[in-house]
Amino acid sequence: MSFMIEERVAVVTGGSSGIGLETVRLLLAHGAKVAMCGRNHERLETARTELTREFPQAELLTATCDVLDSDSCEAFAAAVSERFGAADMLIANAGQGYVAHLDDTPKEAWLSETNLKLFGVLNPMNAFRRQLAASDIGSLTCVNSLLALQPETHMIATSAARAALLNMTHSLSHELIKEGIRVNSILLGMVESGQWRRRFEQRDDPSQSWEEWIAAIASKRGIPMGRLGYPQEPARALVFLASPMASFTTGAALDVSGGFNRHL
Ligand code: NDP
């Protein structure tokens, strides 16, 4: 299947690990030119080495950029413009969650979670807006979480901030379509990736293997598909929504949770 993105320019925030890295890989496999960012230079370089080994002809730009820093996003957008002309697709993926119940969530965490979820999208969107508006296929696609609709008390601040992001992306879809930019998001359940690897390192029972630990989580949480998602799965949903394959879709939130959602 073709996503109709050959020679098109895609930007992925948080492209150096997990879901973002798989998204970059899929975009390159389908002939897109890709720019990706992350905060950690070494992690970006490792990803770049891996990707250029796999795709020797890849048109790939990597940039150190913190999505919470608007100047850094502007510099990233300028680098993309200089190298590729302009971006056609922006995939806002960078971020992480905050695991804590109410009593363990200080005010700073509420503020930083809200800041990350909203400005982690708004800063790159503002920086790339003109480029996306100039494209005939402009799109903004956001990684969001099922927590937006189905909050979990052990991630109370993240859940609330995810709901705010879902609300904001819906408004953005109405505002930005006037400039020809489609705005969609995916709602993730639990996906094996860097975040889960870090939580695994801190597991209560060090004798538990990765497979045992993941299977126990899937069973405890009652995920109907009995497993966590693989990062390739949200990557496919992201590339679909970002691409002209979804040309009549805007304001949508696509569930990628293995059936974990409890609402209609
Ligand atoms: P990873 O930790 O594997 O990857 C996160 C990526 O984002 C890394 O490249 C990281 O690089 C980058 N990043 C984080 N913060 C920033 C920042 N401020 N500016 C720029 N880059 C940043 O996580 P996942 O692949 O699991 O997560 C991807 C997205 O999916 C996140 O937004 C996450 O919250 C969301 N999500 C994931 C779920 C899951 O189960 N995996 C569930 C629900 C949502 P660096 O650290 O070098 O900056």
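Visitor: What should I know about the model before we start?
Guide: Residues are numbered from 1 along each chain as its sequence is written, and side-chain values use heavy atoms, with hydrogens and water left out. Because this is a predicted model, totals for chains, interfaces and linings use all residues, whereas side-chain atom pairs count only at pLDDT 80 or more and local features need pLDDT of at least 70.

Visitor: How many salt bridges does a search of the whole structure find?
Guide: Side chains of opposite charge can pair when their charged atoms come close. A salt bridge here is a side-chain nitrogen of Lys or Arg within 4 Å of a carboxyl oxygen of Asp or Glu. Searching the whole structure in this way gives a count of 12.

Visitor: Which residue forms a salt bridge with Glu179?
Guide: The closest N and O atoms of this pair are 2.5 Å apart. Glu179 lies in the loop between α5 (156–176) and β6 (182–188), and its partner lies in helix α4 (residues 107–134), so the pair ties together parts that are 50 residues apart in sequence. At 30% relative accessibility the partner counts as partly exposed, and its name is Arg129.

Visitor: Which residues gather in a patch of negative charge on the surface?
Guide: Patches are made of residues with over 30% relative accessible area and no salt bridge, with like charges joined within 9 Å and nonpolar side chains (Val, Leu, Ile, Met, Phe, Trp, Tyr) within 5 Å. One member lies in the loop between β3 (60–64) and α3 (70–84), namely Asp69, which counts as partly exposed at 36% relative accessibility. The patch consists of Asp66, Asp69, Asp71 and Glu74.

Visitor: How much accessible area do Met1, Met4, Phe240, Met245 and Leu254 have together?
Guide: These residues form a nonpolar patch on the surface, and Phe240 has its place in helix α8 (residues 232–242). Accessible areas come from the Shrake-Rupley method with a 1.4 Å probe, and for residues only the protein chains shown count as cover. Together the five have about 480 Å².

Visitor: Which elements are included in what covers the buried residues of α8?
Guide: The buried residues of α8 are Pro234, Ala235, Ala237, Leu238, Val239, Leu241 and Ala242. With contact meaning heavy atoms within 4.5 Å, their cover includes α1, β4 (89–92), β5 (139–145), β6 and β7 (253–256).

Visitor: What is the phi of Glu7?
Guide: Most residues other than glycine have a negative phi, and most peptide bonds are trans. Glu7, found in the segment before β1, is not a glycine, yet its phi is positive, at about 65°.

Note on methods: Lys, Arg positive; Asp, Glu negative; His and termini not counted. Charge placed at Lys NZ, Arg CZ, Asp CG, Glu CD. Helix = DSSP H or I, 4+ residues; strand = E, 2+ residues; numbered from the N terminus. Buried < 20%, exposed > 50% of the residue type's maximum accessible area, 1.4 Å probe, protein only.
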